[in-house]
Amino acid sequence: MKASIIKYGIIAALGLAAAYLAVQIFTVLDRPYRTETAILYDMSDSLSCGGYLVFEQSEVPGEGQMGYLVESGERVATGTQVAEIYSDPSQVRARTALTELDAQLELLERSENTVGTDVDVLLAQRQSALYDLLDGLDRQNYEEISSKSNEYLLALNRLQITTGAIRDFSGAKELIAQEQAVQQANLGSPAAVTVSTGGYFVAADAAQMLLYSKDELDNMSAAVMADALQQGAGVGEVSGAGKLVTD
């Protein structure tokens with residue numbers, strides 16, 4: 001009797017194990033849901049609209065043949081000279097020459113700074129700059145030729161100093177200084193255009209003044225603003241040297 005109980009117990013245990021295994025196999029083989037491949041994708045939407053952008057701005061007075069000494073959008077401090085007014089065309093040529101001479105002098109001074117520079121690095125820089133220059137010529141991208149030429153000259157000059165081909169560029173810098181004195185005499189003392197407060201300067205040829213005040217725009221309906229935008233209303237040319245955006 002005891003043996004029969006043990007026998008039936010073993011059979012029951014095996015039956016339970018078999019039933020559990022069957023349930024697991026059924027669950028794996030008969031899943032109630034489908035699988036799909038998920039792909040990561042970015043989606044964007046945009047809305048184009050027109051309006052007026054309001055800045056705190058004021059005109060910078062000045063008239064005549066002007067040469068700008070700062071870039072449009074450059075931040076300037078109170079009292080900064082942003083332009084000069086020429087009374088003779090020769091002054092324009094003198095300023096152009098001075099700007100070029102300043103760039104040459106800066107290049108030579110940077111060329112003499114070779115502390116910690118490895119020859120192999122300089123050779124690689126020279127080769128890379130030459131390829132960039134030739135690539136610009138091949139693509140007829142003449143606007144970048146000047147900067148690419150300066151990069152090549154910088155690497156070449158530094159290589160000459162590092163290898164001992166020359167000691168420094170004192171002779172060339174002295175000649176530049178002499179020419180600077182000549183061109184400065186030709187330039188004379190053109191009238192200066194300065195700003196009375198700090199901000200971001202924009203030259204007249206790249207600036208427009210908003211004629212609407214912020215309160216007027218706040219009280220303007222969408223339909224009225226749309227008509228104003230279509231007619232080009234509310235925007236005027238700058239009559240002076242440019243404008244200063246203060247906020």
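Start with strands E2, E4 and E5, which form an open sheet of 3 strands in the order E2-E4-E5 with antiparallel pairing. Two strands pair if DSSP finds at least two bridges between them. Strands (E, at least two residues) and helices (H or I, at least four) are DSSP runs, numbered from the N terminus. The edges of this sheet are strand E2 (65–68) and strand E5 (191–194), each of which pairs on one side only. On average, neighbouring strands here are turned by 30° against each other, direction ignored.

This is a predicted model, in which local features need pLDDT of at least 70 and side-chain atom pairs count only at pLDDT 80 or more, while totals for chains, interfaces and linings use all residues. Residues are numbered from 1 along each chain as its sequence is written, and side-chain values use heavy atoms, with hydrogens and water left out.

Next, select strand E4 (residues 81–86), which is joined to E2 by 4 bridges in an antiparallel run. Within that pair, Gly67 has Glu84 in E4 as its bridge partner.

Now move to the other sheet, an open one of 4 strands in the order E1-E9-E6-E3, again with antiparallel pairing. Strand E1 (57–60) and strand E3 (74–76) are its edges, each pairing on one side only. From one strand to the next the twist averages 35°. Select E3 with strand E6 (residues 199–203): 3 bridges join these antiparallel strands. Val76 stands opposite Gly199 in E6.

The helices come next. Select helix H2 (residues 89–111) and helix H5 (residues 170–187), whose axes come within 9 Å and cross at roughly 160°. Axes are lines fitted to C-alpha atoms, for helices over the stretch in contact, and angles run from 0 to 180 degrees between N-to-C directions. H2 and H5 are therefore roughly antiparallel to each other (angles under 35 degrees count as roughly parallel, over 145 as roughly antiparallel, 65 to 115 as roughly perpendicular and the rest as oblique). Their crossing is left-handed, a term for a near helix turned anticlockwise from the far one by less than a right angle, with clockwise counting as right-handed. Residues of H2 including Leu98, Leu101 and Leu105 meet residues of H5 including Ile176, Gln180 and Leu187, where contact means heavy atoms within 4.5 Å. By class, this contact has 9 nonpolar, 6 polar and 5 charged residues. Ala, Val, Leu, Ile, Met, Phe, Trp, Tyr, Cys and Pro count as nonpolar, Asp, Glu, Lys and Arg as charged, and the others, Gly among them, as polar.

The crossing of H2 and H4 is right-handed. Leu107, Leu108, Arg110 and Ser111 are the H2 residues in this contact, and among those in H4 are Leu153, Asn157 and Ile161. The contact of H2 with H4 divides into 5 nonpolar, 3 polar and 2 charged residues.

The contact of H3 with H4 has 12 nonpolar, 4 polar and 5 charged residues.

Finally, show the whole protein, with its 7 helices and 9 strands. The C-alpha atoms fill a box of roughly 130 × 70 × 35 Å along the principal axes.
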